[in-house]
Amino acid sequence: MSNSESVRNLTLKIKRYDPESGEKPRWEEYKVQAEGHDRVLDVIQNVKWYHDESLGFRRSCAHGVCGSDAMRINGVNGLACKILVKNLPNDVLTVEPILGLPVIKDLIVDMKPFFDHYKSVLPFLINDEPAPTTERLQSPQDRARFDDTTKCILCACCTTSCPPFWGDQKYVGPASIVNAHRFIFDSRDRGAAERLDILNDTEGVWRCRTVFNCTSACPREIKVTQAIQEVKRAMLTGDINLENPEVVSISH
Ligand code: FES
């Protein structure tokens, strides 16, 4: 049931762009009403359904699982389906596409460069040893070593909030390093040396300047910067078995 006290009259500013039109990107304003419990995604859908059906954006699960509705909301990366209207600081809401990836239309970006970087770090289990007759067993402690980085949903919030990535899209980016971390520190995996070699590059982990934007942007609250530092440390020490490595500031 509607609670009139929680209704907010929002001015929604959306950055619109259609590269095929030949026109420059522009800001378009919409006046919309929203309940406090609505999400930013609901507000955008309201525009699409009742104001302007030409608006382009992605979404699928609407529950923070698929990662498809990453966008820049009031200047900060986030998932539109996870941000509640009642938590917006004021009644002007700006929405634009995530930065550093080509815009296909409005809020839709081309994710191919992002997934090419992801694939480059071999984000799968590598183990050519003879398969055991039972599962490849792992202790709870070994599983906990990479638990945080298993949470990635590949939304690109981290990579596209990273200033070094904005300046150099050849940089593999935080999300790729997070997914490399997930396997490098998996006791069942044997591909750590190969992945570390791939990332030991000026377009690999050494492009990271420890800005922490990635950690702030992650909707899954992954300690992204810490994961990157752990990969750097493994590279420098040649040891992937260090217990509880501290966050260290390393530049190169
Ligand atoms: S729509 Fe799936 S994470 Fe938001």
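Which domains does the domain assignment of the protein give? The assignment, whose bounds come from an automatic or database source, gives domain 1 (4–109) and domain 2 (112–237). The structure is a predicted model, in which local features need pLDDT of at least 70 and side-chain atom pairs count only at pLDDT 80 or more, whereas totals for chains, interfaces and linings use all residues. Residues are numbered from 1 along each chain as its sequence is written.

Eight helices and seven strands are found in the protein; these are DSSP runs numbered from the N terminus, with helices (H or I) of at least four residues and strands (E) of at least two. Along the principal axes, the C-alpha atoms fill a box of roughly 60 × 45 × 35 Å. Of the 252 residues, 37% count as buried, a residue being buried if 20 or more other C-beta atoms, placed from the backbone, lie within 10 Å of its own. Two residues are in contact if their C-beta atoms, placed from the backbone, lie within 7 Å. Among contacts with a separation of 6 or more, 66% are made by residues 24 or more positions apart.

Five strands form an open sheet in the order β2-β1-β5-β3-β4, with mixed pairing; two strands pair if DSSP finds at least two bridges between them. The edges of this sheet are β2 (26–34) and β4 (76–79), each of which pairs on one side only. Neighbouring strands are turned by 35 degrees against each other on average, direction ignored; axes are lines fitted to C-alpha atoms, for helices over the stretch in contact, and angles run from 0 to 180 degrees between N-to-C directions.

Within the sheet, β1 and β5 pair in the parallel sense over four bridges, and Lys 13 has Thr 94 in β5 as its bridge partner. The pairing of β3 with β5 is antiparallel and comprises two bridges; here Ile 73 is partnered by Val 95 in β5. Strand β3 (residues 70–73) is also joined to β4 by four bridges, in the antiparallel sense, and Met 71 stands opposite Gly 78 in β4. Helix α1 (residues 40–50) lies across β1 (8–16), β2, β3 and β5 (92–96), and runs at about 105 degrees to β2.

The C-alpha centres of domain 1 and domain 2 lie 29 Å apart. The contact takes 13 residues from domain 1 and 14 residues from domain 2. On the side of domain 1 that touches domain 2, the largest share, three residues, comes from β4.

Definitions and conventions
A residue is buried if 20 or more other C-beta atoms lie within 10 Å of its own, exposed if 12 or fewer, and partly exposed in between; C-beta atoms are placed from the backbone.
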